[in-house]
Amino acid sequence: MARPLNKIDVYLEIGKKRTFAGAIDWPGWCRSGRDEPSALQALFDYGPRYAHVLRNTRLGFKAPDDISVLSVIERLEGNATTDFGAPDIAPSSDIEPVNSAELQRLQRILKACWRTFDANVRIATGKALRTGPRGGGRELEGIIQHILGSDGGYLAQLGWKLERADGGDLDKQLDQTRQAILKALASAARGEIPARGPRGGIRWSPRYFVRRVAWHVLDHAWEIEDRLLSD
């Protein structure tokens, strides 16, 4: 369960060009910077936005009012994916088993992240998103399709095959994928999915699976917010 909020355990994933800071007990609250101080500052700065995501969950999260509350308990060596812009290394605590109460907590966090993403998509529908200096940045439909594709890959890392119905209805595809995520998470938490695949590869743990899914959907939910507000 979550640690008291007078001390928030954080891990750092340190690449050559980029560092990620993530809250151990709060999947989705994970930000990056050029180095350790900037990554921790970014995590602190996003505390209120993460609190807004969880505002109706009754999970007791409150954004810290001082960066000193963030306590680094683990430093991990990053890789090319880290430097590319995505966290890719699991903190050691993610191997811990997930009991029934913790499973419900993780499910509530995931659902809160999805609600935030959906709300931002609704607000952005029919509006132009600001592009980068060279015209970079996906359009809204492209962001949704990217989320769907990544979630399918995340499910495979857990050892779950996604069976998505054909068709172009993105809302239906999102719902089907999310139901699969919840089923896969519950199955993995109960130990029904082997920790190694048929070829011996190590699969993601349930905790790390949630950590990646939550980070990715919130990263793009906040991207939509920022590209709209800055337009």
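Tutor: Helices and strands are DSSP runs, at least four residues long for helices and at least two for strands, and they are numbered from the N terminus. The model before us is predicted. With these labels, Arg58 is placed in the loop between helix H2 (47-53) and strand S4 (70-77).

Student: Is Arg58 buried or exposed?

Tutor: A residue counts as exposed over 50% relative accessible area and as buried under 20%. Arg58 has a relative accessible area of 81%, so Arg58 is exposed. Its backbone deserves attention as well: phi of Arg58 is near 60°, a positive value in a residue other than glycine.

Student: How should I read the packing of two helices?

Tutor: Two packed helices are described by the angle between their axes and by the distance between those axes. Take helix H4 (residues 100-124) and helix H5 (residues 140-158): they pack at an angle of about 160°, and their axes are 11 Å apart. That angle makes H4 roughly antiparallel to H5, and H4 passes H5 in a left-handed crossing.

Student: Which residues of H4 and H5 meet?

Tutor: From H4 come Phe117, Val121 and Ala124, and they meet Leu140, Ile143, Ile144 and Ile147 of H5. In this contact of H4 with H5, seven residues are nonpolar, with no polar and no charged ones.

Student: What are the angle and the axis distance for H5 and helix H6?

Tutor: The axes of H5 and H6 (residues 170-189) cross at roughly 25° and come within 10 Å. The two helices are therefore roughly parallel to each other. Their crossing is left-handed. Among the residues that make the contact are Glu141, Gln145, Asp151 and Leu158 of H5, together with Leu170, Gln173, Thr177 and Ala188 of H6. The residues of the contact of H5 with H6 divide into twelve nonpolar, three polar and two charged.

Student: I would next turn to single residues. Where is Arg227 found, and is Arg227 buried or exposed?

Tutor: Arg227 is found in helix H7 (residues 206-229). Its relative accessible area is 6%, so Arg227 is buried.

Student: What does the side chain of Arg227 reach?

Tutor: A polar contact is a pair of N or O atoms within 3.5 Å. The side chain of Arg227 reaches the backbone oxygen of Arg130 at 2.7 Å, and it makes a polar contact with the side chain of Glu223 at 2.8 Å. Leaving aside residues up to four places away in sequence, Arg227 touches Leu129, Arg130, Thr131, Gly137, Arg138 and Ile143. Ile143 also belongs to the H5 side of the contact with H4.

Student: How do I relate separation along the chain to separation in space?

Tutor: One sets the two values side by side. The C-alpha atoms of Val98 and Pro206 are separated by 7.4 Å, while the residues are 108 residues apart along the chain. Arg227 and Ile95, by contrast, are 132 residues apart in sequence and 36 Å apart in space, C-alpha to C-alpha.

Student: What surrounds Val98?

Tutor: Val98 is found in the loop between helix H3 (80-84) and H4. Its relative accessibility is 10%, so Val98 counts as buried. Beyond residues up to four places away in sequence, Val98 touches Leu103, Leu106, Ala189, Pro206 and Arg207.

Student: Which residues does Thr82 touch?

Tutor: Thr82 lies in helix H3 and, at 0% relative accessibility, counts as buried. Not counting residues up to four places away in sequence, Thr82 touches Glu13, Gly15, Arg18 and Phe20.

Note on methods. Residues numbered from 1 in each chain as written. Predicted model: local features only at pLDDT ≥ 70, side-chain atom pairs only at ≥ 80, totals over all residues. Heavy atoms only, no water. Axes fitted to C-alpha atoms, helices over the stretch in contact; angles between N-to-C directions. Parallel < 35°, antiparallel > 145°, perpendicular 65-115°, else oblique. Left-handed = near helix turned anticlockwise from the far one by under 90°. Contact = heavy atoms within 4.5 Å. Nonpolar A, V, L, I, M, F, W, Y, C, P; charged D, E, K, R; others polar. Buried < 20%, exposed > 50% of the residue type's maximum accessible area, 1.4 Å probe, protein only. Polar contact = N/O pair within 3.5 Å; in protein donor to acceptor, adjacent residues only side chain to side chain.
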